[in-house]
Amino acid sequence: MRRFFIISGAVFILFLVLGCGEDIKAPPPVSDEFPIATICNPSEGARFSQDAKVMFFGKGIDPQDGNLPDSQLVWSSDKDGNIGSGEFYIDTLLSIDTHIIKLEVTDNDGNSGSDSISIVVFIDSAMVSVPSTAGFNMGWEDGVDTTGMNEEPAHI
């Protein structure tokens, strides 16, 4: 005899097999589900000066294995290659550029998942130095009129 119950739109099926004599076994766990990678920090589009410490924080969760260990979380940049591993990672050596940062997680079955964001590492203008021109001929002696160059601009 088979009975079907419908509760709140979900179908729950209860099979009652009388006289069968066989044990009902649960299906084997699905092993081909992919882990989920999530980048929590930094946020998409974040900007950092070249001398900043960039803290990366992410999670790797697998339906079968649960939270993945640090060794199975790998951080990379499309500009600088592999940059670190683990849930927490701090980098101070990212090149000046726009980076696609990727967190790739791998479960115990070898399945992988990833998340990515874009960040910008820029030149800190306070760090830029202009070389001295002392002792160099800038060409002003060659007929360039420098009269009035040190005067205040006229106000209209």
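Predicted model: local features only at pLDDT ≥ 70, side-chain atom pairs only at ≥ 80, totals over all residues.

Visitor: With which residue does Lys59 form a salt bridge?

Guide: Side chains of opposite charge can pair when their charged atoms come close. For Lys59 the closest N and O atoms of the pair are 3.0 Å apart, and the cut-off is 4 Å. The partner of Lys59 is Glu87.

Visitor: How many residues apart are Lys59 and Glu87?

Guide: Lys59 belongs to strand E5 (residues 54-62). Glu87 sits in the loop between strand E8 (81-85) and strand E9 (88-91). The pair thus links distant parts of the chain, and its two residues are 28 residues apart.

Visitor: What is the relative accessible area of Asp78?

Guide: Asp78 is in a salt bridge with Lys79. Lys79 counts as partly exposed at 41% relative accessibility. Asp78 is also partly exposed, and its relative accessible area is 45%.

Visitor: Which side chain of opposite charge is nearest to Asp124?

Guide: Asp124 is found in the segment after strand E11 (112-122). Apart from neighbours within four places in sequence, Asp124 is in contact with Ser49, Gln50 and Asp51. Asp124 is buried yet has no salt bridge, since the cut-off is 4 Å and the nearest side chain of opposite charge is 10 Å away. That side chain belongs to Arg47.

Visitor: How many strands are there in the protein chain?

Guide: The protein chain has zero helices. Read along the sequence, its pattern is β-β-β-β-β-β-β-β-β-β-β. The number of strands is 11.

Visitor: Which elements give two or more residues to the largest nonpolar core?

Guide: The largest nonpolar core has 18 residues, and those that touch the most other members are Phe56, Trp75, Ile83, Leu94, Ile101, Leu103 and Ile119. The elements that give two or more residues to this core are strand E3 (36-41), E5, strand E7 (73-77), strand E10 (97-106) and E11.

Visitor: Which residues does Leu103 touch, not counting residues up to four places away in sequence?

Guide: Leu103 is one of the core residues that touch the most other members. Contact here means heavy atoms within 4.5 Å. On that basis Leu103 touches Ala37, Thr38, Ile39, Gly58, Lys59, Leu73, Val74, Trp75, Gly113, Ser114 and Asp115.

Visitor: What is the accessible area of the nonpolar patch that Met55, Phe88 and Ile90 form on the surface?

Guide: Ile90 lies in strand E9. Exposed means over 50% relative accessible area, so Ile90 counts as exposed at 53%. Together with Met55 and Phe88, Ile90 forms a patch whose accessible area is about 320 Å².

Visitor: What separation do the C-alpha atoms of Ser116 and Glu44 have?

Guide: Ser116 lies in strand E11 and counts as partly exposed at 42% relative accessibility. Glu44 is among the residues that Ser116 touches, along with Ile39, Ile100, Ile101 and Lys102. Ser116 and Glu44 are 72 residues apart along the chain, and their C-alpha atoms are separated by 8.6 Å.

Visitor: How far apart in space are Asn82 and Ile101, C-alpha to C-alpha?

Guide: The place of Asn82 is in strand E8, where Asn82 is exposed with a relative accessible area of 65%. Not counting residues up to four places away in sequence, Asn82 touches Val74, Trp75 and Ser76. Asn82 and Ile101 are 19 residues apart in sequence, and their C-alpha distance is 9.7 Å.

Notes:
Residues numbered from 1 in each chain as written. Heavy atoms only, no water. Helix = DSSP H or I, 4+ residues; strand = E, 2+ residues; numbered from the N terminus. Buried < 20%, exposed > 50% of the residue type's maximum accessible area, 1.4 Å probe, protein only. Lys, Arg positive; Asp, Glu negative; His and termini not counted. Patch = residues over 30% accessible without salt bridge, like charges linked within 9 Å, V, L, I, M, F, W, Y side chains within 5 Å. Areas by Shrake-Rupley, 256 points an atom, 1.4 Å probe, with all protein chains shown as cover. Core = buried A, V, L, I, M, F, W, Y, C linked by side-chain atoms within 4.5 Å.
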